[in-house]
Amino acid sequence: MSGAGAAVLAWALLAGALLPPPPVRPQPLPRGDRQVHEKEAQFNTTYSDWVHANLLNIYAFNHSVRRNRTEGVRVSVNVLSDQKDQPVLFVVRQKEAVVSFQVPLILRGLYQRKYAYQEVSRTLCQPQTKAEVETQHFYVDVSTLSLNTSYQLRVTRVENFVLRTNERFSFNATAAQPQYFKYEFPEEVDSVIVKVTSAMAFPCSVISIQDILCPVYDLDNNVAFIGMYQTMTKKAAITVQKKDFPSHSFYVVVVVKTEDEACGGALPYYPLSKNASPDEPVDQHNRQKTLEVMVSPAITSEAYVRSVLFCLGIFLSFYILTLLIACWESCRQHKRKGLLAAMDSPSLDTASLLGHSRGIPDSFLNRGPYDSYGYGSFGNGSSSSTEGITDSLGSAEVSYSYVGQEQFKRRTPSAPMRPLSIPMGERSLENVAGRPRLDSLSSVEEDDYDTLADIDYDKNVIRTKQYLCVADLARKDKRVLRKKYQIYFWNIATIAVFYALPVIQLVITYQTVVNVTGNQDICYYNFLCAHPLGNLSAFNNILSNLGYVLLGLLFLLIILQREINYNRALLRNDAHALECGIPKHFGLFYAMGTALMMEGLLSACYHVCPNYTNFQFDTSFMYMIAGLCMLKLYQKRHPDINASAYSAYACLALVIFFSVVGVVFGKGNTAFWIVFSVIHIVATLLLSTQLYYMGRWKLGEGGAPRARWEGTMWWPPGVTSPLPTDSGILRRILHVLYTDCVRQCSGPMYVDRMVLLVMGNIINWSLAAYGLIVRPNDFASYLLAIGICNLLLYFAFYIIMKLRSGERIKLIPLLCIISTSVVWGFALFFFFQGLSTWQKTPAESREHNRDCILLDFFDDHDIWHFLSSIAMFGSFLVLLTLDDDLDCVQRDKIYVF
C-alpha cells in the first residue's frame with residue numbers, strides 16, 4: 001500500500017472514531033411489553049436514538065438556577081424518519097410547567113392549509129426561585145405509536161436570554177423554531193419601547209409582549225392568546241409600561257407565521273398531486289427570518305408635561321397677540337377720534353382685523369341721513385334693546401329707478417326719504433301695521449318674507465344685467481338674510497352634537513378592544529412615536545389637535561367682536577356701516593369657526609384608533625370647511641342669492657355619503673367609479689349653469705306665464721316665447737346653442753363668469769377622468785382634493801377680479817395671505833411624509849413609521865396638525881379681512897364677480 005493510501009485510511013478511521021455511533025435500532029417488542037429507558041443527559045450534547053410504540057425514552061437534565069440571574073434553556077429536536085401519520089411526541093416536564101409538541105409539527109394557515117415541520121426548537125419557560133442558588137430538574141419524554149422512528153435531541157443554554165437596555169441583539173427564527181427573550185425594567189425606567197427590525201420583509205412574523213408566566217405562547221396558532229402583539233415585515237415597535245407588569249419584567253416573543261397573507265404577501269402555491277389527499281401537509285423547508293431586537297427607554301413624565309405646555313403656549317400666544325392688537329387699536333382709536341371725524345381716509349389696517357369702524361357725519365358726505373330703502377338701512381342690534389331701530393322705516397312701498405347709462409348705476413329713490421333720526425322710545429315693531437316681528441326669537445326664513453315678491457320681474461332684470469354691482473344683489477331685507485345665515489351656525493352646531501357623540505363612543509370602544517385583546521393591528525399608529533397616556537395608546541396624536549379647537553374658538557371670539565362693533569356702528573347710524581362696503585353677515589363665519597373646532601375634536605377621535613373604517617371622522621368637517629369657505633366667498637358679493645343652509649348642508653351630506661361609499665366599495669370597483677364620475681360631471685354642469693345665470697334660468701315650465709330666460713333672450717310676463725313651454729330639455733338646449741352660437745354668433749354675455757366656469761369645468765372634468773382611469777385607493781382624500789381644488793380656483797379668481805376691478809388688498813389681509821401660504825406649504829410637506837397608511841396591511845404600514853422629531857414627543861403628522869390649524873385660522877382671517885378696503889365704498893360702486 002502506498003503512503004498516500006495509508007494516510008487516507010488513517011484519516012477515515014480517525015473521523016469514524018470522532019463521530020457519534022449510529023443509534024442501535026431496537027427490536028420491537030410484542031405489544032403490551034412496554035419499556036422505559038431513562039438516562040442522565042447533559043447540555044450541549046446531541047442524542048441520536050430510536051423510539052417505537054413499546055419504548056419510552058426519558059432524558060433527565062439538571063441545572064443551577066440563581067435568583068439574580070436568568071438563563072434560557074432551549075430544546076431542539078429533529079425527526080429523521082418521514083412518518084407524518086404517526087408523529088413523535090416530545091413532553092418536557094418542569095417544576096412548574098409542562099411543554100409538549102409533536103414532530104412533524106403541523107401548523108395551519110388560511111383555509112385550513114397544513115404545513116409540516118421536521119425540525120422544531122422551543123425555549124423552556126423559566127420558573128422563578130426564591131433561593132440564592134437552586135438546582136432544578138426537568139425531563140424530556142420521547143414516545144410514538146409508529147415503528148422504529150429515529151430522532152435527534154439536543155438541549156442548550158440560550159446566550160443573551162436577558163435583553164439589555166439600548167443593546168441590539170440579532171437572532172434567527174422560523175415558524176417551528178420561535179424565539180423569546182426576557183427583559184427586566186431598571187429601577188429608574190417606567191416605560192420602554194421594544195423595536196424589532198429585519199432587512200427582509202418576508203416571511204411575515206409576529207412580535208408579542210407577554211407577562212412572565214408559564215406556558216409561553218410562542219406558536220403561530222396561539223401567540224395571540226395573551227399579551228400585546230402586532231404583525232411585522234421590516235419594522236415593529238411596542239411601547240411597554242412597567243405598571244402593566246407586576247414582576248417588572250416581560251417576555252419579547254418572536255414568531256414567524258406560516259403564511260405571508262397577514263403582512264400583505266401572496267399565498268404560497270399549494271401543490272396537490274393526483275394521488276395526494278387534500279389534507280396532506282406541505283413541507284415549507286427553510287422558512288427562516290433574521291431579526292434584530294433592541295429595548296430602549298421611552299420618554300419620562302416630565303416630557304409629557306413639557307409637551308403639553310409647549311402645545312398650549314403656541315396657541316395661547318395667538319390669544320395674547322389678538323388681545324394686544326385690540327388694546328393697541330383701541331388706544332389709537334381714542335387718540336384719532338377727532339381726526340377721523342373730519343377726514344375720509346382709509347381705516348387703519350389693524351382695525352380691519354377686529355372690525356372697528358368709525359363714524360363719518362352725513363353732512364361731511366354732502367347728503368342727508370340715509371333713509372330706509374335698500375339694503376343695509378336698518379339697525380341690526382343683537383339684543384332686545386336694539387329692536388326699537390331694527391324695523392324697516394319704509395313701511396310704505398318704495399320703487400326704484402335707474403339713472404344714467406353707465407355700466408354701474410346708482411340707485412335713486414322715487415319716493416320721499418325718511419330719516420333715521422327717530423328716538424328709540426318712540427318706535428316699536430308693533431306699530432308697523434300688517435308686518436310681522438322679524439327680529440323676534442322665532443325663526444324667520446327667506447321664503448316666509450320676501451321683500452321682492454311683488455317685483456319679481458324687476459329682480460330678474462337686475463340679476464341678468466351684463467354688469468352688476470353689490471347694491472343690485474343686496475336688495476332684500478337684511479333682517480331676513482341675517483336670520484337666514486344664522487341658520488348656518490345653528491345647523492352645524494346641531495350636526496356637530498349628533499355627529500360627535502356616537503363618534504366618541506365608537507372610538508372609546510375601539511381603544512377598549514385594543515387594550516383588552518392586545519391586538520395592535522386594529523389601529524394604524526406611528527408606533528415609533530406613539531406615547532400612551534392612561535388608556536390612550538397615542539396621546540401625542542390627540543394632543544396635537546388642540547390647535548384646531550383653540551384657534552377655532554379664537555376665530556369665533558374675533559367674529560363676535562366684529563359683530564358687536566358693527567351693531568354699535570348701526571346704533572350710531574354710522575354711514576359706512578349702513579350703506580358702504582360688503583354687506584356684513586356673520587352666520588357663515590360662526591359656522592366656519594365651529595367647523596374648525598369640530599375638525600379638531602373629530603381628528604382627535606380618529607387618532608384614538610386610526611383605521612380605514614373611521615377615516616371619515618377626520619375628513620367630514622374638512623368637506624364642510626371647504627364648502628363653507630366657497631359659500632362665504634360667493635356670499636360676499638351675492639348676499640341675496642347665496643344658498644340656504646338646508647340646501648348647502650344637504651349637498652355636503654351627499655358628499656360625505658359618497659365618501660363613505662367610496663371608502664367601503666370604491667377600491668377597484670369600476671362600476672362605482674363610472675357612476676361617481678358621471679355624477680361629478682353632471683353636478684359640475686348644473687352648478688356652472690346656476691352660477692352663470694345667477695339662478696335665473698329654467699329648463700322649461702308650464703302653467704301661468706312667468707318671466708323666464710331662454711338663451712340670451714328675456715321674455716317678460718304676458719309675452720309668449722316662440723319656443724313651446726313644453727319642449728323637452730334636449731330641444732331647449734339645442735335652441736340655446738343655435739341662438740347663441742349659430743344665429744347670432746356672439747360671445748358670452750358674462751365673460752368673467754364664463755372664464756371662471758370654463759376653468760372650473762376643465763379642472764373638474766380632469767379630476768373625474770383621473771379618478772375613472774387611476775381609481776385611487778384613498779377615495780376620501782381624492783374627494784377632499786376635488787373640494788380644495790375648486791376652493792383654490794375660486795379664491796384665485798376672486799383675488800384676480802378684485803385687483804382687476806381697481807380694488808386693493810390692505811396690509812393685514814396681504815400679510816395673512818403671504819404667511820398663510822407659507823404655513824400651508826410647510827404643513828403639506830409634513831402631511832405627505834406618510835408615517836402610516838391604512839391602504840396597506842398593518843405590517844406594511846409600520847414600514848413607514850418614523851421616530852419623533854420634536855421634543856421627542858411629536859412626529860411629522862403632529863406638526864402637520866400644528867401647522868394646518870394655524871393655516872386654516874389664517875385662511876379664515878383672509879376671508880374675514882379681504883374686502884376691508886371697501887368699507888368706505890358705496891355698494892352701488894362695488895363690482896360683482
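Me: Helices here are DSSP runs of H or I with at least four residues, strands are runs of E with at least two, and both are numbered from the N terminus. With that set, where is Pro215 found?
Reply: Pro215 is in the loop between β15 and β16. This is a predicted model: local features need pLDDT of at least 70, side-chain atom pairs count only at pLDDT 80 or more, and totals for chains, interfaces and linings use all residues. Residues are numbered from 1 along each chain as its sequence is written, and side-chain values use heavy atoms, with hydrogens and water left out.

Me: What joins Cys214 and Pro215?
Reply: A cis peptide bond, with omega about 0°. Another cis peptide bond joins Phe202 and Pro203, with omega about 10°. Pro203 sits in the loop between β14 (191-197) and β15. For background, most peptide bonds are trans.

Me: What is the pLDDT average for the protein chain?
Reply: The average is 76, and 73% of the residues score at least 70. pLDDT is the predictor's confidence in each residue, from 0 to 100.

Me: Where does pLDDT stay under 50?
Reply: Residues 345-457 are one such stretch. The model has 251 contacts for residues 345-457 beyond four places in sequence. Residues 701-727 also stay under 50, with 50 such contacts. A contact means heavy atoms within 4.5 Å.

Me: Back to β15. Which residues does Ser205 touch beyond four places in sequence?
Reply: Ser205 is in strand β15 (residues 205-211). Its contacts include Gln230, Thr231 and Met232. Val255, Val256 and Lys257 are also among them. Cys263, Lys289 and Leu291 complete the list.

Me: Is Ser205 buried or exposed?
Reply: Buried, because its relative accessibility is 0%. Buried means under 20% relative accessible area, exposed over 50%, and partly exposed in between (1.4 Å probe, protein chains only).

Me: Disulfides next. How many does the count come to?
Reply: Four. A disulfide is taken as a pair of cysteine sulfur atoms within 2.5 Å. With the bonded cysteines numbered in sequence order, the pairing is 1-3, 2-4, 5-7, 6-8.

Me: Cys214 came up already. Which cysteine forms a disulfide with Cys214?
Reply: Cys125, with the sulfur atoms 1.7 Å apart. The S-S torsion is about -80°, so this disulfide is left-handed. The pair links distant parts of the chain, 89 residues apart. Cys125 is in the loop between β9 (119-124) and β10 (133-144), and Cys214 is in the loop between β15 and β16.

Me: What about Cys523? Which partner does it have?
Reply: Cys523 forms a disulfide with Cys609, and the sulfur atoms are 1.8 Å apart. With -90° about the S-S bond, this link is left-handed. Cys523 lies in the loop between α6 (478-517) and α7 (539-543) and Cys609 in the loop between α10 and α11 (615-637), so the pair ties together parts 86 residues apart in sequence. Cys523 is buried, at 1% relative accessible area. Cys609 is buried too, at 0%.

Me: And which cysteine is joined to Cys529?
Reply: Cys852, S to S 1.8 Å. This link has 110° about the S-S bond and is right-handed. The two are 323 residues apart: Cys529 is in the loop between α6 and α7, and Cys852 is in the loop between α18 (842-846) and α19 (860-881). Both Cys529 and Cys852 are buried.

Me: New topic: α10. Why does its span agree with expectation?
Reply: At 1.5 Å a residue, the 22 residues of helix α10 (residues 587-608) should span 32 Å, and the end C-alpha atoms are 32 Å apart. The expected span is 1.5 Å times one less than the number of residues.

Me: How many α10 residues are buried?
Reply: 20 of its 22, which leaves α10 mostly covered.

Me: Last one. What is phi for Asn148?
Reply: Near 55°, a positive value in a residue other than glycine. Asn148 is in the loop between β10 and β11 (149-158). Asn148 is buried, at 8% relative accessible area. Phi of Asn160 is also near 55°. Asn160 is in the loop between β11 and β12 (169-174), and is partly exposed at 38%.
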